[in-house]
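Good morning, everyone, and thank you for making time for this. I would like to walk you through one structure today, looking at its aromatic rings and then at a pair of helices.

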Amino acid sequence: MIEDSMIPATEEELTDDENGQLYEHQRLVVDKGQVPLRIDKFMCEHLQHTSRNRIQKAADAGFVHVNEKPVKSNYKVRPGDVITLMLDRPQYDSSIEPEEIPLNVVYEDSELMVINKPAGMVVHPGCGNYHGTLVNAVAWHLRDVPGYDPNDPEVGLVHRIDKDTSGLLVVAKTPLAKTKLGVQFFNKTTHRSYNALVWGNFVEDDGRIEGNIGRDPKDRLRMAVFPPDSEIGKSAVTHYRVLQRFGYVTLVECILETGRTHQIRAHMKHIGHPLFSDERYGGNEILRGERCGTYQQFVRNCFKICPRQALHAKTLGFVHPKTGQQMDFTSELPDDMQMLIEKWQKRVPVRE
């Protein structure tokens, strides 16, 4: 049996598998008398506790195979076809168990909680990370709250950030809160800003990046940017503003108009400014600066201080789902990013 939660709901759930290996989770053999039928509809009719939308997402990610080859969701099944659902993690009990893990709770009431997530913490179990996640920690924190079930998709996380990105997230305690907050994210009425240290200097003080984001055809663990008028990927817009210039790197504020997987990381890479220390997008190489050994060692020391993409979800704003009040939260930069910025400040005079 395939549970709905086992098939990825978003592309973000596909990003933490480092080896690219796929595992068979379900096998179906099409009957001899089967008439031609779209594979997403066929699978939805034959698999319990899943949805056509999730099957389509799985097919788009290359997880639905026919006769050992990936197919799209509009493929018409034929008699004798062998359909396999291949996921990027072994079969595993997907139920979420409470785990006593410290949480930095910024705000909490009967409807929701706002959490400041540290870098390195996976948000949701999956792709080899089945324990020690933010969701496990939330389940423990809310273990005595009547009616809160961490395995109920109608409550819990409203949005996500990457494992190695730090910063603010909102969790819904009730179905009504999750629905109303979800509508705000969908309608782009929330406010989210990030601080990022990126390679290179900007000519302008602010700008707008627009480009569809979809999975990179050359590397399924990475996202790529495609023309806005193309049918590839999903539309995405990022606004940025220069906060401090350090010559070879720049501290910028990024405001999301949309919320796609790896949006800031992919957009900044696209315009030639990869995030500092971002291994997946090439930011862990010395991309700007001097050839002298002193500078090279300086940058390598910077990589050691902040061995992950220098990205922090600094602010989060939304309308409270019950009271209708505007709620705005700000978090300080974590120690690794603060130390990284201070190191560049000492080396290069800051120009505002």
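Before I name any residue, let me settle one term, because a residue counts as buried under 20% relative accessible area, as exposed over 50%, and as partly exposed in between. Please also keep in mind throughout that what you see here is a predicted model.

Let me begin with the rings. A pair of aromatic rings is described by the distance of the centres and the angle of the planes. When the whole structure is searched, 10 aromatic pairs are found. One of them is formed by Y107 and F329, whose rings are tilted, with 5.6 Å from centre to centre and 45° between the planes. Since Y107 belongs to strand β7, residues 105–108, and F329 to strand β18, residues 326–330, this pair ties together parts that are 222 residues apart in sequence.

Is W199 buried or exposed? W199 is buried, with a relative accessible area of 0%, and F276 is likewise buried, its value being 0%.

If you follow the ring pairs onward, they link W199, Y248, F276, Y295, F298, F303 and W344 into a cluster. Elsewhere in our list of rings, W140 has the charged end of R143 over it, 4.1 Å from its centre.

Two packed helices are described by the angle between their axes and the distance between the axes. Helix α1, residues 39–46, packs with helix α2, residues 52–60, at an angle of about 130°, and their axes are 9 Å apart. The two helices are therefore oblique to each other, and the crossing in which α1 passes α2 is right-handed. Which residues make the contact? From α1 they are D40, K41, M43 and C44, and from α2 they are R52, I55 and Q56.

Key: Residues are numbered from 1 along each chain as its sequence is written. This is a predicted model: local features need pLDDT of at least 70, side-chain atom pairs count only at pLDDT 80 or more; totals for chains, interfaces and linings use all residues. Side-chain values use heavy atoms; hydrogens and water are left out. Rings of Phe, Tyr and Trp (its six-membered ring) pair if their centres lie within 6.5 Å; planes under 30 degrees apart count as stacked, over 60 as edge-to-face and the rest as tilted. Helices (H or I, at least four residues) and strands (E, at least two) are DSSP runs, numbered from the N terminus. Buried means under 20% relative accessible area, exposed over 50%, partly exposed in between (1.4 Å probe, protein chains only). A charge sits over a ring if NZ of Lys or CZ of Arg is within 6 Å of the ring centre and within 35 degrees of the ring normal. Axes are lines fitted to C-alpha atoms, for helices over the stretch in contact, and angles run from 0 to 180 degrees between N-to-C directions. Angles under 35 degrees count as roughly parallel, over 145 as roughly antiparallel, 65 to 115 as roughly perpendicular and the rest as oblique. A crossing is left-handed if the near helix is turned anticlockwise from the far one by less than a right angle, and right-handed if clockwise. Contact means heavy atoms within 4.5 Å.
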